[in-house]
Structures are given as C-alpha cells and as structure tokens.
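Trainee: I have a new chain to learn. Can we go through it by asking what each label rests on?

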Amino acid sequence: LNCLVFKSWLRHPLLFKMVKGDKATWKANYFVRIGKLLEEYPRIFIVGADNVRSKQMQEIRVSLRGIAEVLMGKNTMMCKAIRSHLGNNPLLEKLLPHIKGNVGLVFSKEDPTLVRDTILSNKVAAPARAGAIAPCDVFVEAQNTGMGPEKTSFFQALNISTKIAKGSIEIVSKVHLIKEGTKVGASEATLLQMLNVKPFAYGLVIENIYDNGSVFSPEILDITDDQLIAKFKSGVANVASASLAIGYCTQASVPHSIINGFKKLLAVAVETEITFPEAEGIKAYLADPSAFAVAAAPAAAAEETKEAAKEESEEEESDDDMGFSLFD
C-alpha cells in the first residue's frame, strides 16, 4: 500500500499538495469562524452529540436558525481556538475543562430557556441496541404479543410472566425490563425488536452552559422566580434567627428586635401603672373586656346589613338585565 501511495505521489505530486493546502485552508477558516463566534455571542451551550446522526444534526441546525449557531469539530481544534482567543477574553478558559468526549458548541444571544427547549425538542426515536447504555428506564406493558407458543422459553429466560391466550403469548403484568444507566443485553434488545418498540430517544444533550464568564449546569434554568424568592426569604430568616440568638444586631434582625422590645414594654405597662399611648388600648381592654364585646356587636351587625343589601341590589340588577319586555 505504501508503494502504491509513493508511486501515485510520483505521478501526481500536485494532487497531494493541493489536498494538504485545502486542509490547511479549512483549518484556518475554522479558527476564524470560531473566533468570530466567541467574540459575537456571550452564551455558549456545551452539548453532547452521542448517537446523533448527520441527518438529525442538519434538522437541529435548521430548527435553531435565527436563534443559535451550532459548531462541531475535534476537541483539540476547539480547545486550540479557545486558547488563542484568551487574550481577548480570559474568562473563556472556564470552557476548556468541559470540552471532552463527543461534544459541540451552540452559540446564542437569545433566552437560554428558549434555546434549551429548542435543542431538547429535536429527538429521534431509536431501538435498543445490545451493548448500549440505557438513557432511561424501559418498561414493557401487559399486552398480547401476537407471538406463537414456541417463544415461551424466550420470555421465561427474561423472567417475564406470560400465558397463552387465543393461541398467542400474552404478557400478564407490566415488566421493568431495563434500568437507566445499565447496559442493554442481547435478549432485551431482541425482545424489544420483536415487539417493535423503540424505547430510546436521542438528540443533543446539554451538559453545561457558559454565560458571560460563568459555567453552570442546565438544571439552573428550571429554577423559577418563586423558588428564588422562597430561598431568599429562608436565608433572611436564618440570618435573623442567628443574630437574635447571639445578640448581634443586623439589618435582618432589627424588625424582630423592635417588636420584641415593644412586647416587653407592653408587658411592663400592663403589670404597672406606667402607660404610653400604644399601651392604653390593651390596658382598657383588660380592665373591661365586656365594653369591647358590646361595641363589636353593632359593628358586626352593620357589616351583615351592608352585605345583605348588596346581595339584594345585585339580584335586582340581574332581574332587570334579563332583556324581556311586554312587547318582545
């Protein structure tokens, strides 16, 4: 083979130079392109591309058109291009540890949730192949398989309970056939193929997201504003509790300290002759609770009267709005 290549080189030396020149040009253009993308886009999705075929990749590019740019290539070339761009943006160095395996880069300026949903929506159903790692749990529902009784031993080898119904094998109950993260066996793959079941769906998998110098996992995008507010409130409550426990005044504990101080002043005023405007109401109530009960009753009755009058007026208006008259 080496002799044939050498003879071909002797006959057509320019052909080999041209191919080498084209490869060098392609690499140069690749570095120029990735440099422009790194300068233009502040947000980069690092995506895994295992089990993604070229046709599916083309469909993903079409769906992301106008939203994001997809760049695939060798990890060494991507890392080299990023390192050459560190002079302009040193924060890009945080990308390098995450470029491993079969990955690509998706550049975008749009809402990361929109880009994430668009990427994840492009999945293709695929059969379970022997030796592959299951990306999800696989269950086989109770059903009539349509197979003849001669296949019974095959189901018994997989510990699947069956019975013969109308001359064919019927699976009695739901079966957990493959667990997530385990290797697919030959028997499981064959069974799913016979049942015409494609349990897996493959597409680009978002591994990490780079956003203006920060790298985080895609699960962060699922956090809502309500969750952030709840976490913030919980943190403020913990700071206030710690401050009150150690007697150290902070902005979070000041309102609680003021309320606790007022409660102590109110307790002293109730037990002594000392008084102040804020304590007069509670002292008067403790002195004669019946007076407040008598005063509260007319107020409650007045509220009930107002509510009854309001309901009557609403009923009259609804009757007037029926739209009927004597001359209709």
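Mentor: What follows is a set of questions about a predicted model, each settled by setting a value against a cut-off.

Trainee: What makes up the chain overall?

Mentor: Its secondary structure comes to 11 helices and 11 strands. Of the 328 residues, 26% count as buried. The accessible surface is about 22,300 Å², and 57% of that belongs to carbon and sulfur atoms.

Trainee: Why is S243 called buried?

Mentor: Its relative accessibility is 6%. Buried means under 20%, so S243 counts as buried. S243 sits in helix α8, residues 225-246.

Trainee: What makes the S243 and T250 pair a polar contact?

Mentor: The distance between the two side chains is 2.9 Å. The cut-off is a pair of N or O atoms within 3.5 Å, where one must be able to donate a hydrogen and the other to accept it. The side chains of S243 and T250 make such a contact. Leaving out residues up to four places away in sequence, S243 touches Y248, T250 and S253.

Trainee: Why is K166 called exposed?

Mentor: K166 has 86% relative accessibility. Exposed means over 50%, so K166 counts as exposed. Its place is the loop between β6 (162-165) and β7 (168-171). K166 also has a positive phi of about 55°, although it is not a glycine.

Trainee: And what makes N196 exposed?

Mentor: The cut-off is again over 50%. N196 has 66% relative accessibility, so it counts as exposed. N196 lies in the loop between α7 (186-194) and β9 (200-202). It is not a glycine either, yet has a positive phi of about 60°.

Trainee: Why is E207 called partly exposed?

Mentor: The relative accessible area of E207 is 35%. Buried means under 20% and exposed over 50%, with partly exposed in between. So 35% makes E207 partly exposed. E207 is found in strand β10.

Trainee: What does E207 touch?

Mentor: Set aside its neighbours within four places in sequence. E207 is then in contact with I46, V47, G48, H98, V103, S217 and P218. E207 and E219 are 12 residues apart along the chain, and their C-alpha atoms are separated by 9.7 Å.

Trainee: What makes strand β10 mostly covered?

Mentor: The strand runs over residues 205-211, and five of its seven residues are buried.

Trainee: How do you know that β10 pairs with β1 and β11?

Mentor: Pairing takes at least two bridges. Six bridges join β1 to β10, and three join β10 to β11. Both counts meet the cut-off, so both are pairs. The strands run antiparallel in the β1 and β10 pair, and also in the β10 and β11 pair. In β10, I206 is the bridge partner of V47. Y210 stands opposite V215 in β11. The strands β10 and β11 form a hairpin with two residues between them, and N212 in the turn has a positive phi of about 50°.

Trainee: How do you know that β2 pairs with β3?

Mentor: Four bridges join β2 to β3. At least two are needed, so the two strands pair, and they run antiparallel. The bridge partner of L71 in β3 is L105.

Trainee: What order do the strands take in the sheet?

Mentor: The order is β2-β3-β1-β10-β11, in an open sheet of five strands with antiparallel pairing.

Trainee: Why are β2 and β11 called edge strands?

Mentor: β2 (68-71) and β11 (214-216) each have a single partner strand, so one side of each is left without a neighbour in the sheet. On average, neighbouring strands here are turned by 25° against each other, direction ignored.

Trainee: What is in the largest nonpolar core?

Mentor: The largest nonpolar core has 22 residues, and I34, I44, I82, L92 and F107 have the most contacts inside it. At least two core residues come from each of α2 (13-40), β1 (43-48), α4 (75-84) and β3 (103-108). The largest share, five residues, is from α4.

Trainee: What does I44 touch?

Mentor: Not counting residues up to four places away in sequence, I44 touches L38, L92, L95, L105, V106, F107, N208, I209 and Y210.

Trainee: Which residues belong to the second core?

Mentor: That separate core has 21 residues, including F155, V175, A189 and F200.

Key. Residues are numbered from 1 along each chain as its sequence is written. This is a predicted model: local features need pLDDT of at least 70, side-chain atom pairs count only at pLDDT 80 or more; totals for chains, interfaces and linings use all residues. Side-chain values use heavy atoms; hydrogens and water are left out. A nonpolar core is a set of buried Ala, Val, Leu, Ile, Met, Phe, Trp, Tyr and Cys residues joined through side-chain atoms within 4.5 Å. Buried means under 20% relative accessible area, exposed over 50%, partly exposed in between (1.4 Å probe, protein chains only). Contact means heavy atoms within 4.5 Å. Axes are lines fitted to C-alpha atoms, for helices over the stretch in contact, and angles run from 0 to 180 degrees between N-to-C directions. Accessible areas come from the Shrake-Rupley method with a 1.4 Å probe; for residues, only the protein chains shown count as cover.
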